[in-house]
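Subject: Structure handover

Hello,

My notes on what turned up follow below it.

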Amino acid sequence: MWSSMWDASNEKHGDLKAGLTIFIVIMTAVGFWFLQTWNKHSRNPKQGSLLPGPRGVPLLGYLPFFGTNHHHLLTDLSRVYGPIYRIQLGTKLGIVVSSPSLVKEVVRDKDTIFFNRDLTVAQRILSNGGSDIIFGTDVPKWRKMRKMLVSQMLCKTNLDDCYALRKQEVVKSIRHVYNEKIGTPIDFGQFAMSATFNTFLRMLWGGTLQEEKAFDVGSEFRKVAAETLWLLQRGNVSDFFPVLARFDIQGIRSRAKKLLSVTENMLDSIIETQMNKDQNEGVPKKDEGKGFLQLLLENTINQDSATSLTMKQVKALLSDIVVGGNDTTSRIMEWAMSELMQHPNEMRKVQEELTEIVGINNLVEEFHLPKLHYLDAVIKETFRLHPVVPLLAPRCSSQSTTIGGYYIPKGSIVFLNAWAIHRDSSVWDDPLEFRPPRFLNTDTSNSFGYQGNKFHYLPFGSGRRICPGIPLADRMLLYVLASFLHSFEWTLPNDATVDLSDKFGIVTKKKAPLIVVPTPRLSNLELYA
Ligand code: HEM
């Protein structure tokens, strides 16, 4: 995603700076051309007024001033320049939108114009030329893949069917904490990340992969997914100055190509294993449901070209699920836990609800989830204060148009600043306070969901390109968090405090990890066995 282009860590930021230095020398040669581009962006008042925005420096635009926490910077700038402004990023023109009504104009009223993405070098390579959903811009192909994901893999029936797979992994995590971590400080983010990752993989392969093989595949996939995310968020000079792409100054293109080849080989081998299984071996146990891969392979055998996917698309979809779903889901768990540790009263209410609905002599089951209203409100409030994808997935205008009466040239990159909107005092009462009851509204006409229909609450985006993973993310968040909060009491190590500051990235995370100490909470210790 474009928001990830300027990575937050110092190491990577330094890397971008080094690239920029080399670049400045080369850029003298193309400066003339750049100025022409600048003029083109600035002088076309025919269709609307010119946008305000901060002044940058020649050639680089505002790039040198970005610092590390880009969502904070863009929010600060919106206080100066208003809910829509322009920002020059090398040769690219960025448009930053931070009001609900203007978001609506982009994602609903003009959704066909803002359907596209402006792919970076790494995005184009790692998505195999945009053959996945996240980076895909070919509408018929994108639609076919989304349909497969939403109406077959993540439909209620299939998610219900593979509950047993999720449960096995969550119970394994609980057992692991009970056997090895009681009374010791653990990094909750890492713990949530492992539990989520293992659960995702279990749903991908279903119940058919041997445990040992599943473990090896899991470790490899985890490495590949982490590197993909890392590479996607490295700043790359070529993205701001495409004319330099052929020089691959920072080596990002070659590294992405190597990574794609490793990923493809790994997925090919998994797919082959799955296809070579003899029929009995491949049939899931009665209560386990089909894994996503099996569903996908059945779909490719289907000869109906209107619905069937190619192998390239199958692999792209598997990657999307892991890359798009794992970090986001586990990071929000860490944020929710951090807010609960910071607000013991809220923690008490959540645990009282769990005791009442689940019972202290039982483990949480998915059928309990619809009754866990307070926990649901805690998660929603966490998403409001800490939308883990703060600038959503930036869109690109496929033709010149207007937003809010301002002229937007073709090819502009539009950032929808959900982080700013979620913290805007003209939209929310006491926006900086963690107050879950604001999501407890029993009046259904006024209640909040994740569907992005209220343009002031956008943790999963909105419009045609809204996150298709919501049904799975919603279940996983509630189920995993409820299980951890019900099974254990969590305390901070002596003298520790909770640091709620954040660090921008493709998925925004906590600056300092949350370290907590678990002790058993259930009265029947056999439940941990
Ligand atoms: C807490 C969990 C998650 C969060 C916060 C999240 C957030 C988002 C956001 C903000 C977008 C961009 C939407 C927009 O620009 O309007 C997005 C897109 C996407 N997400 Fe998620 N997501 C999560 C989980 C998942 C899961 C579990 C999956 C897969 C099973 C997934 C797959 C995708 C895909 C494929 C897209 C691209 C959609 C498109 O471009 O058409 N996400 N997500």
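**Around the ligand**

The shell around the ligand holds 29 residues, and Arg117, Trp142, Arg146, Arg395 and Cys467 come nearest. A residue is near a molecule or strand here if one of its heavy atoms lies within 4 Å of it.

Before going further, the ground rules. This is a predicted model, in which local features need pLDDT of at least 70 and side-chain atom pairs count only at pLDDT 80 or more, while totals for chains, interfaces and linings use all residues. Residues are numbered from 1 along each chain as its sequence is written, and side-chain values use heavy atoms, with hydrogens and water left out.

- Arginine 146: an N or O atom of its side chain is 2.8 Å from an oxygen atom of the ligand.
- Serine 462: a backbone N or O atom is 3.1 Å from an oxygen atom of the ligand.
- Alanine 393: a backbone N or O atom is 3.3 Å from an oxygen atom of the ligand.

Two elements give two or more residues to the shell, α5 (139–153) and α14 (311–342). Helix α14 supplies the largest share, six residues. Helices (H or I, at least four residues) and strands (E, at least two) are DSSP runs, numbered from the N terminus.

**The iron and Cys467**

Which protein atom is the donor of the iron atom of the ligand? The only one is the SG of Cys467, at 2.3 Å. Donors are N, O and S atoms within 2.8 Å of the metal (3.2 Å for Na, K and Ca); water is not among the atoms, so sites may look incomplete.

UniProt, in an unreviewed entry, places the feature "binding site" at Cys467. UniProt positions are given in the numbering used here, feature names are shortened, and annotations may be inferred rather than shown by experiment.

Cysteine 467 sits in the loop between α17 (418–422) and α18 (470–487). It counts as partly exposed because its relative accessibility is 29%. The cut-offs are under 20% relative accessible area for buried, over 50% for exposed, and partly exposed in between (1.4 Å probe, protein chains only). Neighbours within four places in sequence aside, cysteine 467 is in contact with Arg146 and Phe460. Contact means heavy atoms within 4.5 Å.

**Other cysteines**

The count of disulfides is zero, a disulfide being a pair of cysteine sulfur atoms within 2.5 Å. Take cysteine 155: its closest cysteine sulfur, in cysteine 162, is 9.0 Å away, so the two are too far apart for a bond. Cysteine 162 is in no disulfide either, with the sulfur of cysteine 155 as its nearest. Cysteine 162 is buried, as its relative accessible area is 0%.

**The chain as a whole**

The protein chain has 18 helices and eleven strands. Of its 529 residues, 57% are buried. Among contacts between residues at least 6 apart in sequence, 77% join residues at least 24 apart.

**Individual residues**

Threonine 382 is in helix α16 (residues 373–385). Is threonine 382 buried or exposed? It is buried, at a relative accessible area of 0%. Its side chain reaches the backbone oxygen of valine 378 at 2.7 Å. Beyond its neighbours within four places in sequence, threonine 382 is in contact with Ile332, Trp335, Ala336, Pro387 and Phe434.

Next, two backbone angles to check. Most residues other than glycine have a negative phi. Aspartate 430 has a positive phi of about 40 degrees. This aspartate 430 is in the loop between α17 and α18 and is partly exposed, at 40% relative accessible area. Aspartate 495 also has a positive phi, near 65 degrees. Aspartate 495 is in the loop between β8 (488–491) and β9 (502–503) and is exposed, at 80%.

Last, lysine 223. It lies in helix α9 (residues 211–232) and is exposed, with a relative accessible area of 63%. Lysine 223 and threonine 263 are 40 residues apart in sequence, yet 9.9 Å apart in space, C-alpha to C-alpha.

Best regards

Definitions and conventions: A polar contact is a pair of N or O atoms within 3.5 Å; within protein, one must be able to donate a hydrogen and the other to accept it, and residues adjacent in sequence count only if both atoms are side-chain atoms.
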